[in-house]
Amino acid sequence: MRGSTTVPGSEQLTPPRHIAVVMDGNGRWAKKRFLPRFFGHKQGVDALVKIVQACIDRKVEYLTVFAFSSENWRRPQDEVSGLMGLVLAAVSRYLAKMGQLGVRIRIVGDRESVSDKLRQAWNEAESATAHNTKLTLSVAFNYGGRWDIVQAARKAIAAGVPADELTEAKLSEYTAMAFAPDPDLFIRTGGEVRISNFLLWQVAYTEFVFSDCLWPEFGEKELDAAIAEFHARDRRFGGVKDAS
């Protein structure tokens, strides 16, 4: 049934509240088709829009995607420039659709290194969708997990938090993802098996699923498979379940 997730022998299961995704494989998708890498990134945006709809159908509350890491500036200049232009085009093309779907857009990451035009587009997207409640789509752009921890510590210090009061819970209040619960499910596409500096603080007890599927080809079937694998896990959060 659309909008539900089941595994063999079980009833309908509660979906993960928060899914985080490393959208990997765009460049390889394009290379397989003898196309410039930019076309892979463009196809990746279309795939994201479909996954947003799929998450809404499945009652997922938060979707966080890794769009551009703080290390991605090392890529060829033409690819970086193309990505920046693609972000602007995507905001223009899909903002109204996201609003109609009830999606709230949040941008997480260091905004200082991007252009004024891009910052303005992000601000407009966040402002235009701030009232939406069906799904919070967080786009991590110019983001790094280590950067997030450092900036959170700096904010806590600037706020005058005493050292003996700086608990894990208190530091979490200053992270870039403070508005969302920690991810339940972390998906990485493209066949790579690593975190790549994404949400390091937040994924302490997250379940990981690594898919060989290239991101532009990732659809509802692959999402359901990842959610089914999530439900098959025994989540103890460091404790021991009662065996009786």
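Analyst: A residue is called buried if its relative accessible area is under 20%, exposed if that area is over 50%, and partly exposed in between, using a 1.4 Å probe and protein chains only. The model is predicted, so local features need pLDDT of at least 70 and side-chain atom pairs count only at pLDDT 80 or more, while totals for chains, interfaces and linings use all residues. Residues are numbered from 1 along each chain as its sequence is written, and side-chain values use heavy atoms, with hydrogens and water left out.

User: What share of the 244 residues counts as buried?

Analyst: Of the 244 residues of the chain, 49% count as buried.

User: How many helices and strands does the chain have?

Analyst: The chain has seven helices and six strands. Here, helices (H or I, at least four residues) and strands (E, at least two) are DSSP runs, numbered from the N terminus. Starting at the N terminus, the order of elements is β-α-α-β-α-β-α-β-α-α-β-β-α.

User: In what order do the strands sit in the sheet?

Analyst: Six strands form an open sheet in the order β3-β4-β2-β1-β5-β6, and their pairing is parallel. Two strands pair if DSSP finds at least two bridges between them. The edge strands are β3 and β6 (207-210), each of which pairs on one side only. On average, neighbouring strands of this sheet are turned by 20° against each other, direction ignored.

User: Which helix packs on that sheet, touching β1, β5 and β6?

Analyst: Helix α7 (residues 220-232) does so, and its direction makes about 135° with that of β5. Contact means heavy atoms within 4.5 Å. Axes are lines fitted to C-alpha atoms, for helices over the stretch in contact, and angles run from 0 to 180 degrees between N-to-C directions.

User: Let us stay with β1. Is strand β1 enclosed or open, and why?

Analyst: Strand β1 (residues 18-22) is largely enclosed by the rest of the structure because five of its five residues are buried. In a regular strand the side chains alternate between the two faces of the sheet. In β1 both faces are covered, with His18, Ala20 and Val22 buried on one side and Ile19 and Val21 buried on the other.

User: And which residues of β2 stand opposite His18 and Val22?

Analyst: His18 stands opposite Tyr62, and Val22 stands opposite Phe66. Overall, β1 and strand β2 (residues 62-69) pair in the parallel sense over five bridges. With strand β5 (residues 185-188), β1 also pairs in the parallel sense, over four bridges. There, Ile187 is the bridge partner of Val21.

User: New topic: what about Val103 in β3?

Analyst: Val103 lies in strand β3 (residues 103-108). Its relative accessible area is 0%, so Val103 is buried. Leaving aside residues up to four places away in sequence, Val103 touches Val52, Ile56, Met98, Thr129, Asn132, Leu135 and Leu137.

User: How do α2 and α3 pack?

Analyst: Helix α2 (residues 37-57) and helix α3 (residues 77-101) pack at an angle of about 25°, with their axes 10 Å apart. That makes α2 roughly parallel to α3, since angles under 35 degrees count as roughly parallel, over 145 as roughly antiparallel, 65 to 115 as roughly perpendicular and the rest as oblique. The crossing of α2 and α3 is right-handed. A crossing is left-handed if the near helix is turned anticlockwise from the far one by less than a right angle, and right-handed if clockwise.

User: Is the crossing of α3 and α4 left-handed or right-handed?

Analyst: α3 passes α4 in a left-handed crossing. The contact includes Val87, Leu88 and Val91 of α3 and Ala121, Trp122 and Ala125 of α4.

User: Last one: are Lys59 and Leu199 buried or exposed?

Analyst: Lys59 is exposed, with a relative accessible area of 61%, whereas Leu199 counts as buried at 1% relative accessibility. Lys59 is in the loop between α2 and β2, and Leu199 is in the loop between β5 and β6. Neither is a glycine, yet Lys59 has a positive phi of about 65° and Leu199 has a positive phi of about 55°.
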